Amino acid sequence: MTSLNGSRGNHQHANGISMELYGKGYVLGPDGGIGKYLYSGDDYHEYYSQFPAHNTVCVNGVSAYPVMMSQHAFTLVKRYPDTNACFAAGDSTCNISYATVAFTEPETQAQQQRTNIVVKTSKTGGFYVDIFRSRLPKGQELMEPEFHDYFYHNLGQQMRLTDTRGQDFNLQPTEELAFAGGHISAYSYLYNKKTVTTDKDAKATFDVLLTGKGIDDVKAHNGSRITMTMWMEGAPQRELFTALSPVNLEYERMKGQPYDIGYQPVLTFVARQHGEAWNRPFVAVFEPSSEKEPSEIQSVQFFHPANADVSTVGIKVVLKDGSTKVITADDKGNVEIK
C-alpha cells in the first residue's frame, strides 16, 4: 500500500506531495512525524514540519509554506481503478492500481506531478513505482540556477547505495544539503552526508533488523530482517546523497515497532537534479521483502519508449519466475502496464 499525502487542513505540514510506503507489516517509508516537544519545539518548526522531513521534492532548497490549517491541496489528475468497483469485484481485480496528482509549490511556483503505481506480483510479493516530475515556471529557470531535491526516508539501521550491478559509488563526505547553502534550515538537520555525481542508474537497500520487544508475530512472519530495495533511473546533471535524519518521533509512540525507533536516526536518500526534473523525472521502483518472503525482482531496466513524446518514461521489471512487467507513463497521467 502507498499513501499520497497533501497539505490541506489541520495538522498538515509543508510537504508538497508526500509519499508513504507500507510493506511487511510496517510503514517502511514514513513521514518525519512530530518534534520532541510535539508542535511547540524548534525541531518541529524547523525540520519535522518541512519538506526535507518528508518523502517529497524540494525546489531550489527553499520550498516552504505555513503549516497547520494549510490550504495547499494537490489535484487528482487520474486514478485506476475506481475504488468502489475494485472492492466490489474482489481483491483479484486490484493487482494493479495507480494515481497521478499535481501540485503547485507556493514558494517557487514550481509545477509538480507525482504518479504512484502498485503492482502485486504474487500472494506475498509486489512492488511500487514512483514517478515525480518537477520544474520551475517557464522563464524563471533562466533567472537562477534550478535544482530539485528528491527525499526518501526509510526505517532501518543499515543502508547501501550502489549502481545496479552492485558496484559501490565511492561516496565522498560533503557539506552540501545545509542551511549555509542558502537552503531552508531543515537541511542542516541532515548529517553524515555523502555524495557522488553520476548519471548511472542506482540501487539502494535499506535493512530493518527486527530487534524490538513484543513483535513476535512480525518476526514469525518475516524472520529477523525486512529489506526495502529501491532502483532509481539515472539522468545527466544528477547528484546522489546518503544521509541520516533526526529520529522518527511519530512511530516511536506506537507499540510493536521493529527496533528502538526513538534512538535510531532515519536512513535518508536524496537525489538532486540540476535543471528541470520534468522530462528527466525521478523514476524509482521500490520492493519490500523479508527473509521468509524474499525479493521477487531479478532486474529493473529504464528506457524511453520509441515514438513516444519526451515526457514518457518506460520501466521493465524482470521477475525471478521469468515473467516481466513493462510500464510506461507520461505527464498527462496516462499509465500502461503489460
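Two strands pair if DSSP finds at least two bridges between them; helices (H or I, at least four residues) and strands (E, at least two) are DSSP runs, numbered from the N terminus. This is a predicted model, in which local features need pLDDT of at least 70, side-chain atom pairs count only at pLDDT 80 or more, and totals for chains, interfaces and linings use all residues. Residues are numbered from 1 along each chain as its sequence is written, and side-chain values use heavy atoms, with hydrogens and water left out.

**View 1. The cis peptide bond between Y80 and P81.** Omega of this bond is near -10 degrees. P81 belongs to the loop between strand 7 and helix 2 (83-89). Most residues other than glycine have a negative phi, and most peptide bonds are trans.

View 2. Four bridges link strand 1 to strand 3 (residues 18-23) in the antiparallel sense, and the bridge partner of S3 in strand 3 is E20.

**View 3. Positive phi at K24 and L38.** K24 is a residue other than glycine with phi near 55 degrees, and this residue is found in the loop between strand 3 and strand 4. The relative accessible area of K24 is 13%, so K24 is buried (buried means under 20% relative accessible area, exposed over 50%, partly exposed in between, with a 1.4 Å probe and protein chains only). L38, also not a glycine, has a positive phi of about 55 degrees. The loop between strand 4 and helix 1 (42-48) holds L38, which counts as partly exposed at 45% relative accessibility.

**View 4. Strand 21 and its partners.** Six of the seven residues of strand 21 (residues 313-319) are buried. Strand 20 (residues 297-303) pairs with strand 21 in the antiparallel sense over six bridges, and I297 stands opposite L319 in strand 21. Strand 22 (residues 324-329) also pairs with strand 21 in the antiparallel sense over six bridges, with K316 opposite V326 of strand 22. Strands 21 and 22 form a hairpin with four residues between them, and G322 in the turn has a positive phi of about 95 degrees.

**View 5. The protein chain as a whole.** The secondary structure comes to three helices and 23 strands. Along its principal axes the C-alpha trace spans about 55 × 50 × 45 Å. Buried residues make up 55% of the 338 residues.
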